[in-house]
Amino acid sequence: MVARLVLVLGDQLCPDLSALRAADRTRDIVVMAEVMEEGSYVPHHPKKIALILAAMRHFAEELRAGGWKVAYTRLEDPEAAPSIVGELMRRAEEYGAGEVIATQPGEWRLIAALADAPLTVRQLPDDRFICTLEEFNRWAEGRKELRLEYFYREMRRKTGFLMEGDKPAGGKWNFDHGNRKRAQADMLREGPVRFAPDAITQEVLDLVEARFGGNFGVVRPFWYGVTRDAAQRALDHFAQHLLAGFGDYQDAMLEQDAFLHHSVISMYLNIGLLSPREICERVIAQWQAGLVPINAAEGYIRQVIGWREYMRGIYFREGPGYVRRNVLRHGRPLPAMFWGGETRMNCIAHVVGQTRKEAYAHHIQRLMVTGNFALLAGIDPGQVHEWYLAVYADAFEWVEAPNVIGMSQFADGGIIASKPYVSSGNYIDKMSDYCRSCAYAVKEKTGENACPFNLLYWDFLVRHRERIGCNPRMGPVYRTWDKMDEVRRRAVLDGAARVLGDLDAGRIV
Ligand code: DLZ
Ligand code: SF4
């Protein structure tokens, strides 16, 4: 019988993958390939590349141990083709294979490349999710608004997670209201488990340093887990030591602690080392044992079965053009401060510095510091999207693009967010300790020393009044502006113009 090729991509490292289930280990050949095209469609953080390549190499060994024949291409192989399709063609010829079985990639670019390949490629649905794409589309069809909250309730009912019969456990679907405690210095945690790189991973780290050392980000120290076993240990550690405070402190930010109560397992989940279901089951077990409060368990599960699945549904529903949406017509280039260039804004310097070191920032750092600034300053959302896709280890387009284009930059015109997520410096001050050591004064609303968020916030709202002003939820904010005296309003707008002028001229802000 003619062999078939089974494609396993770098974010599909799961023994239960649909392509592997459809294949026959006695006859078919698994193709895994480290290729330059995947390594360079954005300037990925070296830690992200290292995670993926190291996890791929470990996974290939696990497949071989499980009886699969794996044709594995290393980046340094002189024969290697530069793209996934190129590698498939090379392997098809080598093995005389007539057909490729694949699990649908998480990015339109690669879906199209496989569809257009001069090979027969069968793309099977990626069923590592709670909700199928058909189910999401059925849910979305005919709705005026795609509200996460209603989608999330459907997923709770479907999975039975945190349900008591047809009622939500604890009497409420959502406990977020109280989940906004501010950061306190005595909150410092030991953080996620850190794994020592083995010989396979060390080799990858050297390779990545040599090939991608010029990209933004450091590869060492490297402490991510790169196997399913390590990812399960990371999950267990989170459930036991960090989850209890996750709800209360999920929005807090502290200079001295990048991770706080966050699980830091999204990168494992998104490359297939963990499944959403097993994560939720572990969290629920902790709650059922009375070891964590409902607001922590519910808040976490909402991210996994609600937000994450909803993001995926939107990405595939909206199609390949989604990443180019720009309803606010923002066109400013991404400032150098996002790549570590000098800035006087301590919050940005801190989040970017942490990102450079860890390829990680938590949701509020992403949404309310860098994302908020990019939106207020009118940065081109396409460039913002590519930045997030590049710098975070957990970033794959299906999940990153809706978070950035929709949720953070409001560039889809409100499919995801009912209003733009913008705030003045006050929010950052409330949730973090960043403002204490900033060159700007968060309490100052005008003048040279005023926090740029305070100036740009109003400037943004004024600029976009026509589109945003009619939203009833924005009414009180615009009334505050209208009540401000004229001299002050002028000073705010002049200050914002100065900040934007400095950004445009490449001066330090
Ligand atoms: C992100 C990434 C990188 C950096 N390198 C590879 C690679 O060499 N080989 C591979 O199969 N996958 C890689 N990936 C992940 C893919 O980019 C990812 O599968 C697609 O973007 C779809 O989500
Ligand atoms: Fe950021 Fe403004 Fe606070 Fe400085 S004062 S850290 S710029 S929010």
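Predicted model: local features only at pLDDT ≥ 70, side-chain atom pairs only at ≥ 80, totals over all residues.
The protein chain contains 22 helices and 7 strands. Its C-alpha atoms occupy a box of roughly 80 × 55 × 50 Å along the principal axes. Of the 509 residues, 60% are buried. Among contacts in the protein chain with a separation of 6 or more, 74% are accounted for by residues 24 or more positions apart.

Ligand 2 sits in the second largest cavity. The residues that surround ligand 2 are Met345, Cys347, Gly425, Ile428, Tyr434, Cys435, Cys438, Tyr440, Val442, Cys451 and Phe453. By class, this shell consists of 10 nonpolar residues and 1 polar residue, and charged residues are absent from it.

Helix H16, spanning residues 381-391, is mostly covered, with 8 of its 11 residues buried. These buried positions are Pro381, Val384, His385, Trp387, Tyr388, Leu389, Ala390 and Val391. The elements that cover the buried residues of H16 include helix H3 (46-65), helix H14 (346-358), helix H15 (363-376) and helix H17 (397-408).

Helix H3, one of the elements covering H16, also contains His58. With a relative accessible area of 10%, His58 falls under the 20% limit and is therefore buried. When residues up to four places away in sequence are not counted, His58 touches Asp198, Ile200, Thr201, Val226 and Thr227. His58 and His385 are 327 residues apart along the chain, and their C-alpha atoms are separated by 30 Å. His385 is itself among the buried residues of H16.

The backbone shows several local features of note. Most residues other than glycine have a negative phi, and most peptide bonds are trans. Leu162, although not a glycine, has a positive phi of about 55 degrees. Leu162 is located in the loop between helix H7 (148-159) and strand E6 (163-164), and its relative accessibility of 3% places it among the buried residues. A positive phi, of about 45 degrees, is also found at Leu260, which is not a glycine. The loop that holds Leu260 runs between helix H10 (246-249) and helix H11 (266-270). Leu260 has a relative accessible area of 0% and is thus buried. A cis peptide bond, with omega of about -5 degrees, joins Arg220 and Pro221. Pro221 belongs to the loop between helix H8 (199-212) and helix H9 (228-242).

A further proline, Pro197, lies in the loop between strand E7 (167-168) and H8. Its relative accessibility is 25%, so Pro197 counts as partly exposed. Apart from neighbours within four places in sequence, the contacts of Pro197 are Gln202, Leu205 and Phe222. The C-alpha atoms of Pro197 and Glu99 are separated by 37 Å, the two residues being 98 residues apart along the chain.

Two serines were also examined. Ser18 is part of helix H1, which covers residues 18-21. A relative accessible area of 6% makes Ser18 a buried residue. Beyond the neighbours within four places in sequence, Ser18 is in contact with Thr103, Leu124, Pro125, Asp126 and Asp127. From Ser18 to Arg74, the C-alpha to C-alpha distance is 24 Å and the sequence separation is 56 residues. Ser83 occupies the loop between strand E3 (69-73) and helix H4 (84-95). Ser83 has a relative accessibility of 14% and so counts as buried. With neighbours within four places in sequence left aside, Ser83 is in contact with Val35 and Glu37.

Note on methods
Residues numbered from 1 in each chain as written. Chains lettered and ligands numbered in written order. Heavy atoms only, no water. Near = heavy atom within 4 Å. 1 Å grid on protein atoms, 1.4 Å probe; cavity = no way out; pocket = protein on both sides within 12 Å on 5 of 7 lines; lining within 4 Å. Sits in = over half its atoms within 2 Å of the grid points. Nonpolar A, V, L, I, M, F, W, Y, C, P; charged D, E, K, R; others polar. Helix = DSSP H or I, 4+ residues; strand = E, 2+ residues; numbered from the N terminus. Buried < 20%, exposed > 50% of the residue type's maximum accessible area, 1.4 Å probe, protein only. Contact = heavy atoms within 4.5 Å.
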